[in-house]
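Work through the exercises below with the sequence and the model at hand. Each solution goes step by step.

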Amino acid sequence: MDAHEPFHFADREELLGAAARLNVFLPFEEDIAVLFDPVEIGGKRLVNRFAVLPMEGFDATADGSPGELTIRRYLRYAGGGSALIWFEATSILQEGRSNPHQLLLNKKTIDGFKRLVETTRREALRVLGSGQNLFLVLQLTHSGRYSKPDGRPRPLAAVTKPSLDNNLPPVRIVSDDELDRMLDAVAVAASLARQADFDAVDIKACHGYLAHDLLSAFDRADSRYGGDFRGRVRWIEEAVKRIRDREPRLGVTARLNVFDGLRPPEGWGTSAKDALQPDMAEPTALIRRFIDLGCGFMNITAGIPYLNPHLGRPFDRPVSGAEKPPEHPLAGVARLIGLCATLQNSFSGIPFIGTGYSWLRQFFPQVAAGVINAGKAALVGLGRSSFAYPEAPRDLMEKGKLDSKKMCTSCSRCTELMRAGGPTGCAVRDEYYRGRSDPHGDV
Ligand SMILES: Cc1cc2nc3c(=O)[nH]c(=O)nc-3n(C[C@H](O)[C@H](O)[C@H](O)COP(=O)(O)O)c2cc1C
């Protein structure tokens, strides 16, 4: 079998045969009823096990308020049937935006967020009825090394990392004072999120952005936020504590990279000897601390999209100009499922939301049902599939099957739109984005 090959499976036997040849474990359950079992998160009873994962849309207005396309995306999710919607990376500071059209939460934009949440909740009730008690999470972030508030790279990093810095202008190292001020900004943003009626916030600690970058800040000299494990996790722990103190009724979590595929000292969650080998000791210790601090649910992810995107979002086709990944996408899917399973086993009282199912197309429900039945996750999270086919959960509920013409093809066009800096969505299945070669277009 080729190291990489596109999705080509006609039935269960072909898919499981490929998993066997790759020597990876893929749970599979024909009966998907478990996906419609209720589950409790943060004191709220959700009617099903589907979650929309956070996906940046770069369609906010200049001041960071949700724009028309933002509202369109969340209405599609709300009517699609997922009980949990994890809102995309939203900057806590203007200078930390990854794009001039990234969402920004502050006192000036709060009214737009209130409207967005209210419209999203109303749409779910309209389409799905009074049982649809949505759980809404807002992802708070500072883009750090990948900041582009005015469209040009303004990299701000915890430490220099040659593997990541090679293609960037000179990287500025964030000071401890700046990090202290960012803690204040996180706490303010969390209060605003509560006012906007989100159920929970997530401090984004994944994919190379600032809070994740700090977790591998082994070589930060004379700093409280680096060095040993305690120093490297201090900022994110402090952020969780501040939110808990200030907003005790707001849920809090951190979307966490548990495997970077980059050896220490540049990465974390990775064996010092082999970049392809996860080492879960530190991520497990950090999750234990999160739980002690009151985090009631978790989602984990892997890889750094600018370096090794196949680890976090297995695909058929890489972005234009990039090389084919060195591994089979099914191996990537199985790794993400396995990492989540290991942690769900260790922390059985906390619901984990699985990541990395979009590549499985028509088989994602059966694999998710197998995973959830085996207690290896509590919910299934869908990223690119939610751009392409947000109503997949509703189709499964109402028609008992998926429509193959609506599925994500894992073609990386959404990532290309995002990298080009314009509004982002599915360029294959969503008529608004279809054929858009100039994403800056007319929006
Ligand atoms: C265009 C695009 C935007 C994304 N935006 C975010 C984001 O805002 N926050 C985040 O944590 N992950 C983001 N991700 C990662 C997804 O949430 C998800 O982890 C990944 O796509 C794998 O899930 P999937 O296989 O269901 O797509 C993004 C991915 C893509 C392709």
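**Exercise 1.** Locate Pro265 and state the geometry of the peptide bond from Pro264 to Pro265.

Solution. Pro265 is in the loop between strand S10 (256–259) and helix H8 (281–292); helices (H or I, at least four residues) and strands (E, at least two) are DSSP runs, numbered from the N terminus. The peptide bond from Pro264 to Pro265 is cis, and its omega is near 15°.

This is a predicted model, in which local features need pLDDT of at least 70, side-chain atom pairs count only at pLDDT 80 or more, and totals for chains, interfaces and linings use all residues. Residues are numbered from 1 along each chain as its sequence is written, and side-chain values use heavy atoms, with hydrogens and water left out.

**Exercise 2.** Describe the packing of H5 and helix H7 (residues 229–246).

Solution. Two packed helices are described by the angle between their axes and the distance between the axes. Axes are lines fitted to C-alpha atoms, for helices over the stretch in contact, and angles run from 0 to 180 degrees between N-to-C directions. For H5 and H7 the angle is about 35° and the axes are 9 Å apart. The crossing of H5 and H7 is right-handed, that is, the near helix is turned clockwise from the far one by less than a right angle. Contact means heavy atoms within 4.5 Å; the residues making it include Leu179, Met182 and Leu183 of H5 and Trp235, Glu238 and Ala239 of H7. By class, the contact of H5 with H7 has 10 nonpolar, 1 polar and 4 charged residues; Ala, Val, Leu, Ile, Met, Phe, Trp, Tyr, Cys and Pro count as nonpolar, Asp, Glu, Lys and Arg as charged, and the others, Gly among them, as polar.

**Exercise 3.** Which protein atoms make polar contacts (pairs of N or O atoms within 3.5 Å) with the ligand?

Solution. A backbone N or O atom of Pro54 is 2.7 Å from an oxygen atom of the ligand. An N or O atom in the side chain of Arg384 lies 2.7 Å from a ligand oxygen atom. For Lys204, a side-chain N or O atom is 3.3 Å from a nitrogen atom of the ligand.

Key:
Polar contact = N/O pair within 3.5 Å; in protein donor to acceptor, adjacent residues only side chain to side chain.
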